[in-house]
Amino acid sequence: MGLRPLTIFAVAILLGTGAGAGFSYFEDRSAPTSTLIATEGDGATRYEICGVIRHNCVADGDTLWIDGEKIRIADIDTPEIGSPRCDEERALGQRAKHRLRELVNEGRFEVRRIGDRDVDKYNRKLRVLVRDGRSLGEQLVREGLARTWNGRREPWC
């Protein structure tokens, strides 16, 4: 009986730090717009291309899953791969998806909330991915794999 409180405390600490999950999360409510921070834990978490199980994976160039939560990268738009209007759009969308996977696997990054909207019409969390003060989405834009989000979709064909 004497070890039980200690065991509960240890489990609470492990869950609170995300041990074993690869990422820990906290929401900073003191900032004008709250910031959800994802920090890479032990480096064991690797993002793959999404399949049937969607936990830590990249769905397309501007959508990924982090610990089972669907995230839409809010500062960019990438070509569609599910319903592209032309073969060139599909090919560029595939390149964007694979490049995003490479970028998120390069190390620690923050997942930041921006603006007033928390989710989009598909119930995806609207977030910006940031490493060393720079947006990973902007990196995709610089590489020609995405456009800066201007509030509406533009054709890729």
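Of the 157 residues of this protein, 41% count as buried. Here, buried means under 20% relative accessible area, exposed means over 50%, and partly exposed lies in between, with a 1.4 Å probe and protein chains only. The accessible surface comes to about 9,300 Å², and 53% of that surface belongs to carbon and sulfur atoms. These areas come from the Shrake-Rupley method with a 1.4 Å probe, and for residues only the protein chains shown count as cover.

Please note that this is a predicted model, in which local features need pLDDT of at least 70 and side-chain atom pairs count only at pLDDT 80 or more, while totals for chains, interfaces and linings use all residues. Residues are numbered from 1 along each chain as its sequence is written, and side-chain values use heavy atoms, with hydrogens and water left out.

Let us turn to the secondary structure. The protein has three helices and eleven strands. Helices (H or I, at least four residues) and strands (E, at least two) are DSSP runs, numbered from the N terminus. Along the sequence, the pattern reads α-β-β-β-β-β-β-β-α-β-β-β-α-β. As for contacts, meaning heavy atoms within 4.5 Å, we consider those between residues at least 6 apart in sequence. Among them, 52% join residues at least 24 apart.

Next, the strand pairing. Two strands pair if DSSP finds at least two bridges between them. Strand β5, residues 63-66, and strand β6, residues 69-73, run antiparallel and are joined by four bridges. Within this pairing, Thr63 stands opposite Arg72 in β6. The hairpin of β5 and β6 has two residues between the strands, and Asp67 takes a positive phi near 50 degrees there.

Which strand runs parallel to β6? That strand is β9, and three bridges join β6 to β9. Ile71 has Lys125 as its bridge partner in β9. Strand β9, residues 125-131, is also joined to β8 by four bridges, and β8 and β9 run antiparallel. In that pairing, Glu110 stands opposite Val130 in β9.

Strand β8 also lets us look at the two faces of a strand. In a regular strand the side chains alternate between the two faces of the sheet. In β8, Val111 and Arg113 make up the covered face, whereas Glu110 and Arg112 make up the uncovered one.

I now come to the disulfides, a disulfide being a pair of cysteine sulfur atoms within 2.5 Å. How many disulfides does the structure hold? There are two disulfides, and with the bonded cysteines numbered in sequence order, the pairing is 1-2, 3-4.

The link of Cys50 and Cys57 is right-handed, with 90 degrees about the S-S bond. Cys50 is buried at a relative accessible area of 16%, and Cys57 is buried at 3%.

Another disulfide joins Cys86 to Cys157, S to S 2.0 Å. The torsion about its S-S bond is about -95 degrees, so the disulfide of Cys86 and Cys157 is left-handed. Cys86 lies in the loop between β7 (76-77) and α2, and Cys157 lies in the segment after β11 (147-148), so the pair ties together parts that are 71 residues apart in sequence.

Let us consider the rings. Rings of Phe, Tyr and Trp (its six-membered ring) pair if their centres lie within 6.5 Å; planes under 30 degrees apart count as stacked, over 60 as edge-to-face and the rest as tilted. The structure holds one aromatic pair. Tyr47 and Phe109 form this pair, which is tilted, with 6.2 Å centre to centre and 50 degrees between the planes. Tyr47 lies in the loop between β2 (35-40) and β3 (48-49), and Phe109 lies in the loop between α2 (87-104) and β8 (110-113), so the pair ties together parts that are 62 residues apart in sequence. Tyr47 and Phe109 are both buried.

Finally, there are charges over rings: a charge sits over a ring if NZ of Lys or CZ of Arg is within 6 Å of the ring centre and within 35 degrees of the ring normal. The charged end of Arg72 sits over the ring of Trp149, 5.4 Å from its centre. Arg147 lies over the face of Trp156, at 3.7 Å from the ring centre.
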